[in-house]
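Have the model open while you read.

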Amino acid sequence: MIKQLVQPLPDPFEPFALSPGIAFGDLLFVSGQAAMNPQGEIVGVGNFMAQAECAFENLKRVLEAGGSGLEHVLKVTIFVTDMAHFPDVVELRKRYFSPPYPADSIVQVSALALPELMFEIEAIAARPR
């Protein structure tokens, strides 16, 4: 098996020298998705829900480009800059995923890659054949 780049275009994360996703066999590994539109502009500065929704939509975009989807997500790791938003994260997980929900870790961090960002989500998903 070889690893394959998964890169929806335009790719707002291209300037950061990372792959949005890597497919390897039946698995898809998705890099952290944040609140950036396809032109690379930050969405929802100061608005946690707007940023998180954008990040989930970016996650969906990479999953679909890699032959997967939200229903095939096995594990997510979520990074927030303020754990006070945990109830919002639970609401978002219920909106974007369905039972059985993916395995999940949530971590509060002091900062993300860009100072305006408040939310990031990475995932491992199955790629159905």
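Let's start with a charged pair: R95 and E53 meet through their side chains in a salt bridge, 2.8 Å from N to O. (A salt bridge here is a side-chain nitrogen of Lys or Arg within 4 Å of a carboxyl oxygen of Asp or Glu.) R95 belongs to helix α2 and E53 to helix α1, so this pair ties together parts that are 42 residues apart in sequence. Helices (H or I, at least four residues) and strands (E, at least two) are DSSP runs, numbered from the N terminus.

Before going on, note that this is a predicted model, where local features need pLDDT of at least 70 and side-chain atom pairs count only at pLDDT 80 or more, while totals for chains, interfaces and linings use all residues. Residues are numbered from 1 along each chain as its sequence is written, and side-chain values use heavy atoms, with hydrogens and water left out.

By the salt-bridge rule, the count comes to three. Here they are:

| Pair | N to O distance |
|---|---|
| R95 and E53 | 2.8 Å |
| E91 and R95 | 3.3 Å |
| R93 and D104 | 2.7 Å |

E91 and R95 both sit in α2, four residues apart, or about one turn of the helix. R93 is also in α2, but D104 is in strand β5, so that pair ties together parts that are 11 residues apart in sequence. Salt bridges that share partners join E53, E91 and R95 into one network.

How buried or exposed are these residues? Buried means under 20% relative accessible area, exposed over 50%, and partly exposed in between (1.4 Å probe, protein chains only). R93 counts as buried at 19%. R95 is partly exposed at 42%, and so labelled are E91 at 41%, D104 at 28% and E53 at 27%.

Now for α2 itself, residues 86-96: V89, L92, R93 and Y96 are buried. Looking down the α2 axis, its buried residues fall within an arc of 100 degrees (taken from the directions from the axis to the C-beta atoms), so they line one face of the helix. P87 and K94, on the other side, are exposed. Which elements cover the buried residues? Among them are α1 (48-65), β4 (73-80), β5 (103-108) and β6 (119-126), with contact meaning heavy atoms within 4.5 Å.

Finally, M1 lies in the segment before β1 (4-6) and counts as exposed, at 76% relative accessibility.
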